[in-house]
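Please consider the sequence and the three-dimensional structure shown below. The paragraphs that follow lead the reader through selected parts of it.

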Amino acid sequence: RLVPGLPYFLVVQNKNASTVSFTLAVSFDITPLVNGVPLPVDIAAGPLPRYFSFDVPPNATASSFQLLSLSGNADLVAHHDLPLPTLNAFDCGSFYPGTDSEQIVLFTNSAPIPLSPGRWYLGVLNSSAAEVTGTILASEYFSALPNIITLASGVPVPGTNTGTGDGTDY
(Lines give C-alpha, C1' and ligand atoms only; values in the text may rest on other atoms or scores of the structure.)
Protein backbone atom coordinates (compact mmCIF):
# COMPACT_ATOMS: atom_id res chain seq x y z
CA ARG A 1 0.00 0.00 0.00
CA LEU A 2 1.07 3.56 -0.61
CA VAL A 3 1.61 5.79 2.39
CA PRO A 4 -0.63 8.91 2.31
CA GLY A 5 1.18 12.23 2.13
CA LEU A 6 4.42 10.93 0.61
CA PRO A 7 5.43 11.91 -2.94
CA TYR A 8 5.57 9.20 -5.58
CA PHE A 9 7.00 9.44 -9.08
CA LEU A 10 5.68 7.56 -12.11
CA VAL A 11 7.90 6.87 -15.10
CA VAL A 12 6.99 5.71 -18.59
CA GLN A 13 9.98 4.40 -20.52
CA ASN A 14 9.91 3.32 -24.15
CA LYS A 15 12.60 0.70 -24.83
CA ASN A 16 11.48 0.22 -28.45
CA ALA A 17 12.75 2.00 -31.53
CA SER A 18 9.21 3.03 -32.52
CA THR A 19 6.72 5.45 -30.94
CA VAL A 20 4.32 3.93 -28.43
CA SER A 21 0.95 5.38 -27.35
CA PHE A 22 -0.10 5.01 -23.72
CA THR A 23 -2.55 6.21 -21.13
CA LEU A 24 -1.57 6.73 -17.49
CA ALA A 25 -4.05 6.79 -14.61
CA VAL A 26 -3.79 6.86 -10.82
CA SER A 27 -6.45 5.47 -8.49
CA PHE A 28 -6.27 6.45 -4.83
CA ASP A 29 -8.53 3.64 -3.59
CA ILE A 30 -11.16 5.92 -2.05
CA THR A 31 -14.52 4.14 -2.07
CA PRO A 32 -17.53 6.44 -2.60
CA LEU A 33 -20.51 5.84 -0.29
CA VAL A 34 -24.17 6.12 -1.31
CA ASN A 35 -26.72 7.68 1.04
CA GLY A 36 -28.32 5.07 3.30
CA VAL A 37 -26.63 2.09 1.61
CA PRO A 38 -24.57 -0.03 4.04
CA LEU A 39 -21.29 -1.32 2.62
CA PRO A 40 -19.32 -4.29 3.99
CA VAL A 41 -15.79 -3.24 4.91
CA ASP A 42 -12.58 -5.01 5.83
CA ILE A 43 -9.69 -3.12 7.34
CA ALA A 44 -6.31 -4.79 7.09
CA ALA A 45 -4.15 -5.04 10.20
CA GLY A 46 -1.56 -2.29 10.40
CA PRO A 47 -1.38 1.48 10.58
CA LEU A 48 -2.72 2.40 7.13
CA PRO A 49 -6.31 3.70 6.98
CA ARG A 50 -8.96 2.66 4.49
CA TYR A 51 -10.63 5.69 2.89
CA PHE A 52 -14.19 6.45 1.83
CA SER A 53 -15.90 9.56 0.46
CA PHE A 54 -19.43 10.89 0.85
CA ASP A 55 -20.91 13.88 -0.98
CA VAL A 56 -23.20 16.00 1.22
CA PRO A 57 -25.69 18.04 -0.85
CA PRO A 58 -26.22 21.77 -0.16
CA ASN A 59 -29.70 21.27 1.33
CA ALA A 60 -28.74 18.57 3.88
CA THR A 61 -29.43 19.54 7.51
CA ALA A 62 -27.56 16.63 9.10
CA SER A 63 -25.36 13.70 8.18
CA SER A 64 -24.17 10.62 10.03
CA PHE A 65 -21.19 8.35 9.43
CA GLN A 66 -21.20 4.95 11.16
CA LEU A 67 -19.10 1.80 11.53
CA LEU A 68 -21.37 -1.06 12.57
CA SER A 69 -21.04 -4.75 13.52
CA LEU A 70 -17.28 -4.55 14.00
CA SER A 71 -15.27 -7.74 14.57
CA GLY A 72 -12.49 -5.80 16.33
CA ASN A 73 -11.43 -2.33 17.41
CA ALA A 74 -11.53 0.28 14.64
CA ASP A 75 -11.70 4.09 14.72
CA LEU A 76 -13.50 6.51 12.40
CA VAL A 77 -12.23 9.97 11.43
CA ALA A 78 -13.75 12.50 9.03
CA HIS A 79 -12.53 15.60 7.22
CA HIS A 80 -14.38 17.98 4.92
CA ASP A 81 -12.52 18.15 1.62
CA LEU A 82 -8.82 17.37 1.27
CA PRO A 83 -6.40 16.51 2.78
CA LEU A 84 -7.42 13.00 3.77
CA PRO A 85 -8.02 12.55 7.51
CA THR A 86 -5.50 10.77 9.73
CA LEU A 87 -5.33 10.07 13.46
CA ASN A 88 -3.32 13.28 13.80
CA ALA A 89 -5.38 15.53 11.50
CA PHE A 90 -9.18 15.30 11.26
CA ASP A 91 -12.31 17.45 11.71
CA CYS A 92 -14.13 14.93 13.90
CA GLY A 93 -13.70 11.35 15.04
CA SER A 94 -15.18 8.41 16.92
CA PHE A 95 -12.90 6.31 19.13
CA TYR A 96 -15.00 3.82 21.10
CA PRO A 97 -13.08 0.80 22.44
CA GLY A 98 -13.42 -2.80 21.34
CA THR A 99 -16.17 -3.84 18.97
CA ASP A 100 -18.46 -0.91 19.87
CA SER A 101 -19.94 0.86 16.85
CA GLU A 102 -18.34 4.13 15.81
CA GLN A 103 -20.55 7.10 14.92
CA ILE A 104 -20.13 10.72 13.87
CA VAL A 105 -23.26 12.89 13.59
CA LEU A 106 -22.98 16.42 12.21
CA PHE A 107 -25.59 19.15 11.96
CA THR A 108 -25.37 22.45 10.12
CA ASN A 109 -25.01 24.11 13.54
CA SER A 110 -22.61 21.57 15.11
CA ALA A 111 -19.65 22.99 16.99
CA PRO A 112 -16.76 23.17 16.57
CA ILE A 113 -17.19 21.63 13.08
CA PRO A 114 -20.57 22.20 11.39
CA LEU A 115 -21.85 20.06 8.54
CA SER A 116 -21.10 21.75 5.24
CA PRO A 117 -21.94 20.67 1.70
CA GLY A 118 -19.34 18.99 -0.45
CA ARG A 119 -17.13 15.95 -0.23
CA TRP A 120 -16.36 14.46 3.17
CA TYR A 121 -13.54 11.94 3.47
CA LEU A 122 -13.76 9.16 6.05
CA GLY A 123 -10.76 7.27 7.33
CA VAL A 124 -11.26 3.88 8.98
CA LEU A 125 -8.27 2.89 11.10
CA ASN A 126 -7.64 -0.56 12.50
CA SER A 127 -6.66 -0.49 16.19
CA SER A 128 -6.54 -4.30 16.42
CA ALA A 129 -3.69 -6.71 15.71
CA ALA A 130 -5.80 -8.59 13.10
CA GLU A 131 -8.06 -7.67 10.20
CA VAL A 132 -11.33 -6.02 11.26
CA THR A 133 -14.60 -6.47 9.36
CA GLY A 134 -17.85 -4.57 9.69
CA THR A 135 -20.20 -2.26 7.83
CA ILE A 136 -19.83 1.42 6.98
CA LEU A 137 -22.93 3.58 6.51
CA ALA A 138 -23.31 7.25 5.56
CA SER A 139 -26.69 8.97 5.73
CA GLU A 140 -27.94 12.45 4.99
CA TYR A 141 -31.04 14.17 6.35
CA PHE A 142 -32.96 17.06 4.89
CA SER A 143 -35.80 19.21 6.28
CA ALA A 144 -36.38 16.80 9.15
CA LEU A 145 -33.52 16.12 11.51
CA PRO A 146 -33.13 12.62 12.89
CA ASN A 147 -35.28 12.00 15.97
CA ILE A 148 -33.07 12.83 18.95
CA ILE A 149 -34.14 11.55 22.37
CA THR A 150 -33.07 13.80 25.25
CA LEU A 151 -31.73 11.80 28.19
CA ALA A 152 -31.60 12.75 31.85
CA SER A 153 -29.36 11.10 34.40
CA GLY A 154 -31.04 8.07 36.00
CA VAL A 155 -34.29 8.40 34.03
CA PRO A 156 -34.97 5.36 31.80
CA VAL A 157 -36.42 5.93 28.33
CA PRO A 158 -38.36 2.93 26.99
CA GLY A 159 -38.45 2.37 23.25
CA THR A 160 -38.30 -0.07 20.38
CA ASN A 161 -36.16 -0.18 17.27
CA THR A 162 -37.55 -1.90 14.18
CA GLY A 163 -34.21 -2.02 12.40
CA THR A 164 -35.66 -0.34 9.32
CA GLY A 165 -33.87 2.55 7.63
CA ASP A 166 -30.46 2.95 9.19
CA GLY A 167 -31.77 1.34 12.42
CA THR A 168 -30.19 3.99 14.63
CA ASP A 169 -31.73 5.76 17.64
CA TYR A 170 -30.29 9.15 18.55
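Leaving aside neighbours within four places in sequence, with which residues is Val-124 in contact? With that exclusion, Val-124 is in contact (heavy atoms within 4.5 Å) with Ile-43, Pro-49, Arg-50, Phe-52, Leu-67, Ala-74, Asp-75, Leu-76 and Ile-136.

The model is predicted, and local features need pLDDT of at least 70, side-chain atom pairs count only at pLDDT 80 or more, and totals for chains, interfaces and linings use all residues. Residues are numbered from 1 along each chain as its sequence is written, and side-chain values use heavy atoms, with hydrogens and water left out.

Val-124 also has a place in the largest nonpolar core, which has 23 residues; Phe-65, Leu-122 and Val-124 are the ones that touch the most other members. A nonpolar core here is a set of buried Ala, Val, Leu, Ile, Met, Phe, Trp, Tyr and Cys residues joined through side-chain atoms within 4.5 Å, and buried means under 20% relative accessible area, exposed over 50%, and partly exposed in between (1.4 Å probe, protein chains only). At least two residues of this core come from each of β2 (39–43), β3 (50–56), β4 (62–68), β5, β7 (102–107), β8 and β9 (132–141). Strands are DSSP runs (E, at least two residues), numbered from the N terminus.

The next topic is the sheet. Five strands form an open sheet with mixed pairing, in the order β1-β3-β8-β5-β6; two strands pair if DSSP finds at least two bridges between them. Because β1 (30–32) and β6 (92–94) stand at the edges with a single partner strand each, one side of each is left without a neighbour in the sheet.

Within this sheet, β5 (residues 74–80) and β8 (residues 118–126) pair in the antiparallel sense over seven bridges. Leu-76 has Val-124 as its bridge partner in β8, and Asp-75 has Leu-125. β5 also runs antiparallel to β6, to which three bridges join it, and Val-77 stands opposite Gly-93 in β6. Six of the seven residues of β5 are buried.

Strand β5 contains His-79. Is His-79 buried or exposed? His-79 has a relative accessible area of 14%, and is therefore buried. A polar atom of the His-79 side chain lies 3.3 Å from the backbone oxygen of Pro-83. Leaving aside neighbours within four places in sequence, His-79 is in contact with Pro-85, Phe-90, Asp-91, Arg-119, Trp-120 and Tyr-121.

Definitions and conventions:
Helix = DSSP H or I, 4+ residues; strand = E, 2+ residues; numbered from the N terminus. Polar contact = N/O pair within 3.5 Å; in protein donor to acceptor, adjacent residues only side chain to side chain.
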